[in-house]
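Subject: A structure for you to look at

Hi,

Here is the structure I promised to pass on. Please open it first, then read my notes below.

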Amino acid sequence: MKYVLRLIYGGGLLFAGVGHFRNEKGFVSIMPSFIPFKRFFVQVTGIIEVLYGLMLLTGKGVDIVRKTLPGFLYAVLPANVNMAVNPQPINGKKLPAWALWTRLPLQWVLIALAKRIK
């Protein structure tokens with residue numbers, strides 16, 4: 001089960017990280033207004049997600065990811081909250097409000113499960 005969890009997280013993080021570069025404007029648009037240098041932070045979080053994804057998929061550095069991924073998920077939580085409170089179209093598509101709000105408690109599940117990656 002833990003191996004499957006590692007592959008799911010690895011694939012998801014790699015996909016999300018690449019998305020930061022393929023749809024940079026969309027990720028910038030969900031950032032709260034109080035965060036400066038939005039484009040920079042979108043790129044940095046994209047790089048981190050790609051690296052985490054590759055580390056999990058290759059099995060190298062899994063301990064580092066397990067220890068630091070929860071903190072990373074806490075760090076991106078303000079963007080997820082802002083996206084729910086101030087929804088913005090992504091790639092011209094408006095996401096349903098229920099999906100945006102459901103994502104918030106799901107973040108806590110992702111944080112808890114990240115600690116179990118092996």
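How much of the accessible surface of the chain belongs to carbon and sulfur atoms? The answer is 70%, out of a surface of about 7,300 Å². Keep in mind that this is a predicted model.

**The whole chain**

The chain holds six helices and zero strands. Read from the N terminus, the order of elements is α-α-α-α-α-α. Of the 118 residues, 36% count as buried. Now take the contacts between residues at least 6 apart in sequence: 70% of them join residues at least 24 apart.

**The cores**

The largest nonpolar core has 13 residues. Which of them touch the most other members? They are Tyr9, Tyr52, Leu56, Leu69, Leu73, Ala114 and Ile117. The largest share is that of α4, with five residues.

Find Tyr9 in the viewer. Neighbours within four places in sequence aside, Tyr9 is in contact with Leu56, Leu69, Val109, Leu110, Leu113, Ala114 and Ile117. Another core lies apart from the largest one. This other core has eight residues, including Leu77, Ala79, Met83 and Ala84.

**A closer look at α3**

Helix α3 has 21 residues. From first C-alpha to last, α3 reaches 30 Å, close to the 30 Å expected at 1.5 Å a residue. Its buried residues are Val42, Thr45, Gly46, Glu49, Tyr52, Gly53 and Leu56. Why do they lie on the same side of α3? Because they cover an arc of only 130° around the axis. Here is the general rule behind such a pattern. An α-helix has 3.6 residues a turn, so residues three or four places apart point the same way.

What covers these buried residues of α3? The cover includes α1, α2 (24–29) and α4. After α3 comes Gly59, with a positive phi near 80°.

Best wishes

Conventions
Residues numbered from 1 in each chain as written. Predicted model: local features only at pLDDT ≥ 70, side-chain atom pairs only at ≥ 80, totals over all residues. Heavy atoms only, no water. Core = buried A, V, L, I, M, F, W, Y, C linked by side-chain atoms within 4.5 Å. Buried < 20%, exposed > 50% of the residue type's maximum accessible area, 1.4 Å probe, protein only. Helix = DSSP H or I, 4+ residues; strand = E, 2+ residues; numbered from the N terminus. Contact = heavy atoms within 4.5 Å. Expected span 1.5 Å × (residues − 1). Arc of directions from axis to C-beta. Areas by Shrake-Rupley, 256 points an atom, 1.4 Å probe, with all protein chains shown as cover.
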